Amino acid sequence: FALGIERGKGYSRTALELLISDLFKKGTHRIEAEVYDYNITSKRVLQSLGFKKEGIKRKSHYYRTKYYDIFCYGIIEDDWKLLQ
């Protein structure tokens, strides 16, 4: 998400809640997300929505002369139902 001056107002979380709910209603079993290790806010949002960290792609994202890890998250329909 790129929200510019609207950052920090909860729009990403709200949009993700609606998207996740809609996907599971349509029969999706599992949703995955990847986040660069320096994106602390996105990791917190995913975790607050019930996503579990499932793995790390070590030093797999190159940005501004440095390699960063990519964190892999997932949520399954049963987990989502428990939170609702």
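Does His61 count as buried or exposed, and at what relative accessibility?

What you see is a predicted model, where local features need pLDDT of at least 70 and side-chain atom pairs count only at pLDDT 80 or more, while totals for chains, interfaces and linings use all residues. Residues are numbered from 1 along each chain as its sequence is written, and side-chain values use heavy atoms, with hydrogens and water left out.

Now the overall layout. The chain has three helices and three strands, and along the sequence they come in the order α-β-α-β-β-α. Helices here are DSSP runs of H or I with at least four residues, strands are E runs with at least two, and both are numbered from the N terminus. The C-alpha atoms fill a box of roughly 40 × 30 × 20 Å along the principal axes. Among contacts with a separation of 6 or more, 54% link residues 24 or more positions apart; contact means heavy atoms within 4.5 Å.

The accessible area of the chain is about 6,300 Å², and carbon and sulfur atoms own 53% of that; the method is Shrake-Rupley with a 1.4 Å probe, and for residues only the protein chains shown count as cover. Of the 84 residues, 29% count as buried. Buried means under 20% relative accessible area, exposed means over 50%, and partly exposed is in between, with a 1.4 Å probe and protein chains only.

So, back to His61. This residue counts as buried because its relative accessibility is 14%. His61 sits in strand β2, residues 52–63, and its side chain makes a polar contact of 3.3 Å with the side chain of Tyr38. A polar contact is a pair of N or O atoms within 3.5 Å; within protein, one must be able to donate a hydrogen and the other to accept it, and residues adjacent in sequence count only if both atoms are side-chain atoms. Leaving out residues up to four places away in sequence, His61 touches Tyr36, Tyr38, Lys66, Tyr67, Tyr68 and Ile70.

Next, the inside. In soluble globular proteins, nonpolar side chains tend to be buried together. Here the largest nonpolar core has 14 residues, and Ile20, Leu49 and Phe51 have the most contacts inside it. At least two residues of this core come from each of α1 (11–25), β1 (30–36), α2 (40–48) and β3 (66–76). By core I mean a set of buried Ala, Val, Leu, Ile, Met, Phe, Trp, Tyr and Cys residues joined through side-chain atoms within 4.5 Å. Beyond its neighbours within four places in sequence, Phe51 contacts Ile20, Ile31, Ala33, Leu46, Tyr73, Gly74 and Ile75.

Tyr73 deserves a word of its own. This residue lies in strand β3 and is buried, at a relative accessible area of 1%. Outside the four places on either side, the contacts of Tyr73 include Ile31, Val35, Lys43, Leu46 and Glu54.

Arg64 is exposed, with a relative accessible area of 66%, and Thr65 counts as exposed at 69%.
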